[in-house]
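Come along while I look things up one by one.

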Amino acid sequence: MLWKDKYELGVPTVDAQHKELFKRVDLFMQTLRSNLDWDDKVERVNETLEFIKGYVVEHFKDEEAYQQQIGYPEYSAHQKIHSDMVLYVLQVSEQYENSGFSEQLMQQFGGKLLAWLINHVAAEDQRIAAYVKEKGVAGNE
Ligand SMILES: [Fe+2]
C-alpha cells in the first residue's frame with residue numbers, strides 16, 4: 001500500500017477520499033505492471049481509469065469546499081493546481097482513446113499520475129493541515 005498515515009489531514013471525508021485514490025492508483029499501477037498481455041489487461045486499465053477520472057473531480061470539489069469553509073488563503077492557487085490536473089487527465093484520456101488504447105501512453109501516464117498524487121497529497125495538501133494547526137481553525141468536519 002502506498003498510503004502513509006502521515007498524509008492524513010485530520011479531515012475525515014478528505015482523508016477517506018485520499019486513501020481511496022491511493023488504493024485505485026495503486027491498483028492501476030499493479031495492473032499496468034503485471035506480466036499479462038496488453039489485450040488481457042486493457043479492460044481493467046480502462047475501468048480503473050474511468051473511475052479515477054470521475055472520482056478525482058468529486059474529491060477536488062469536496063477538498064476545495066473544505067478549504068473555503070476554513071478560509072484557506074491559498075485556495076485559488078490550489079484550485080488552479082486541481083483544475084490543471086483534471087485538464088491533463090482528460091487530455092491524456094482523449095489521446096488514449098484516439099490512439100486505440102496505446103499501452104505506451106498509459107504506462108507513461110500511470111507513472112506521472114502516481115508521482116503527482118504522492119507529491120500533491122504529501123506536500124501541497126499538507127499545507128492545508130499546517131494552516132489549520134497554525135490558525136486553530138477546524139471547519140465542520
Ligand atoms: Fe488538493
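This is a predicted model: local features need pLDDT of at least 70, side-chain atom pairs count only at pLDDT 80 or more; totals for chains, interfaces and linings use all residues.

Entry 1: I began with S93, which touches L49 and K53 when residues up to four places away in sequence are not counted; contact here means heavy atoms within 4.5 Å. S93 lies in helix α3, residues 75–98. Helices are DSSP runs of H or I with at least four residues, numbered from the N terminus. I then asked myself: is S93 buried or exposed? S93 counts as buried because its relative accessibility is 3%, and buried means under 20% relative accessible area, exposed over 50%, and partly exposed in between (1.4 Å probe, protein chains only).

Residues are numbered from 1 along each chain as its sequence is written, and side-chain values use heavy atoms, with hydrogens and water left out.

Entry 2: I looked up its burial, and with a relative accessible area of 1%, Y96 is buried.

**Entry 3: two packed helices.** Next I looked at helix α2 (residues 38–69) and helix α4 (residues 103–124), which pack at an angle of about 30° with their axes 12 Å apart. The axes are lines fitted to C-alpha atoms over the stretch in contact, and angles run from 0 to 180 degrees between N-to-C directions. From α2, the contact is made by W38, K41, V45, L49, I52, F60 and E63, and from α4 by E103, M106, Q107, F109, L113, W116 and H120. I sorted this contact by class and found 9 nonpolar, 2 polar and 3 charged residues. Ala, Val, Leu, Ile, Met, Phe, Trp, Tyr, Cys and Pro count as nonpolar, Asp, Glu, Lys and Arg as charged, and the others, Gly among them, as polar.

**Entry 4: the iron ion.** Which residues are the protein donors of the iron ion? I found E63 (OE), H78 (NE2), H82 (NE2), H120 (NE2) and D125 (OD), lying 2.2 to 2.3 Å from the ion. Donors are N, O and S atoms within 2.8 Å of the metal (3.2 Å for Na, K and Ca); water is not among the atoms, so sites may look incomplete. In sequence, the donor residues are spaced E-x14-H-x3-H-x37-H-x4-D. H120 is buried, at 4% relative accessible area, and D125 is buried, at 0%.

Entry 5: T13 has its place in helix α1. T13 and E63 are 50 residues apart in sequence and 8.6 Å apart in space, C-alpha to C-alpha. With a relative accessible area of 35%, T13 is partly exposed.

**Entry 6: aromatic rings.** I counted 9 aromatic pairs; rings of Phe, Tyr and Trp (its six-membered ring) pair if their centres lie within 6.5 Å, and planes under 30 degrees apart count as stacked, over 60 as edge-to-face and the rest as tilted. The W3 and F22 rings are edge-to-face, because their centres are 5.4 Å apart and their planes at 80°.
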